[in-house]
Amino acid sequence: QGEAALLHNTELRAQLTDREGEAQELEARLREAKQEADTLRGVREDLEASERRNAQIASSAKADVQAVFEENEALKSEVMDLRSRGDALKEQLAASVAQASGSPRGGPRPP
């Protein structure tokens, strides 16, 4: 009976040693998993910060595009106004030339 108890005790010690080895392996895997989780958290935070920066850049770019569009529209209006004034000046010049030469609106000079 003592020999059976000794054998049983040896088996239990072997099982305990196996369990301790498994526990150490699981602890090592847990540490690795925690490190990976920390790394992934950092990556996620970096990604979120990058997305916020990109949104700010996009918003700023949209405002810049709108300002350029508005400036372009103002310049178009100025160009149209200058063309209109240029046409009026051409008509005035033609009328002045015609009046000075004695012919109506650029027509042939009278003899």
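Me: How do you know that the span of α1 agrees with its number of residues?

Reply: In this predicted model, α1 has 100 residues, and at 1.5 Å a residue these should span 148 Å. The end C-alpha atoms of α1 are 144 Å apart, which agrees with that expectation.

Me: What makes up the secondary structure of the chain?

Reply: The chain comes to one helix and zero strands, and that helix, α1, takes in residues 2-101. Just after α1, Gly-102 takes a positive phi of about 85 degrees.

Me: How do you know what the radius of gyration of the chain says when it is set against a compact globule?

Reply: For 111 residues, a compact globule would have a radius of gyration near 13 Å, whereas the chain has 46 Å. The box filled by the C-alpha atoms, taken along the principal axes, is roughly 155 × 20 × 10 Å.

Me: How far apart in space are Gln-99 and Glu-20, and how far apart are Val-97 and Gln-56?

Reply: Gln-99 and Glu-20, which are 79 residues apart in sequence, lie 116 Å apart from C-alpha to C-alpha. Val-97 and Gln-56 are 41 residues apart in sequence, and their C-alpha atoms are 60 Å apart in space.

Me: Why is Gln-99 called exposed, while Val-97 is called partly exposed?

Reply: A residue counts as exposed over 50% relative accessible area and as buried under 20%, with partly exposed in between. Gln-99, which lies in helix α1, has 68% and is therefore exposed. Val-97 also has its place in helix α1, but its relative accessible area is 48%, so Val-97 falls in the partly exposed range.

Me: What share of the residues of the chain counts as buried, and what is the accessible surface?

Reply: Of the 111 residues, 3% count as buried. The accessible surface comes to about 10,100 Å², and 55% of that surface belongs to carbon and sulfur atoms.

Me: Why is the contact of Glu-22 with Arg-19 called a salt bridge?

Reply: The cut-off is a side-chain nitrogen of Lys or Arg within 4 Å of a carboxyl oxygen of Asp or Glu. The closest N and O atoms of Glu-22 and Arg-19 are 3.7 Å apart, so the pair meets that cut-off. The two residues are three apart in helix α1, which separates them by about one helical turn, and Glu-22, at 43% relative accessibility, counts as partly exposed.

Me: What makes Arg-44 and Glu-48 a salt bridge, and how exposed are they?

Reply: Their closest N and O atoms are 3.8 Å apart, and this is within the 4 Å cut-off. Both lie in helix α1, four residues apart, about one turn of the helix. Arg-44 has a relative accessible area of 45% and Glu-48 has 36%, so each of these values falls in the partly exposed range.

Me: How do you know that Asp-81 forms a salt bridge with Arg-85?

Reply: The closest N and O atoms of Asp-81 and Arg-85 are 3.6 Å apart, which again is within 4 Å. These residues are four apart in helix α1 and are separated by about one helical turn, while Asp-81 is partly exposed at 40%. A search of the whole structure finds five salt bridges, among them this one.

Me: How many positive and negative side chains does the chain have?

Reply: The chain has 16 positive and 22 negative side chains, and the centres of the two sets lie 12 Å apart.

Conventions
Residues are numbered from 1 along each chain as its sequence is written. This is a predicted model: local features need pLDDT of at least 70, side-chain atom pairs count only at pLDDT 80 or more; totals for chains, interfaces and linings use all residues. Side-chain values use heavy atoms; hydrogens and water are left out. Buried means under 20% relative accessible area, exposed over 50%, partly exposed in between (1.4 Å probe, protein chains only). The radius of gyration is taken over C-alpha atoms; the globule rule is 2.2 Å times the number of residues to the power 0.38. Accessible areas come from the Shrake-Rupley method with a 1.4 Å probe; for residues, only the protein chains shown count as cover. Lys and Arg count as positive and Asp and Glu as negative; His and the chain ends are not counted. The place of a charge is taken as NZ of Lys, CZ of Arg, CG of Asp or CD of Glu. The expected span of a helix is 1.5 Å times one less than its number of residues.
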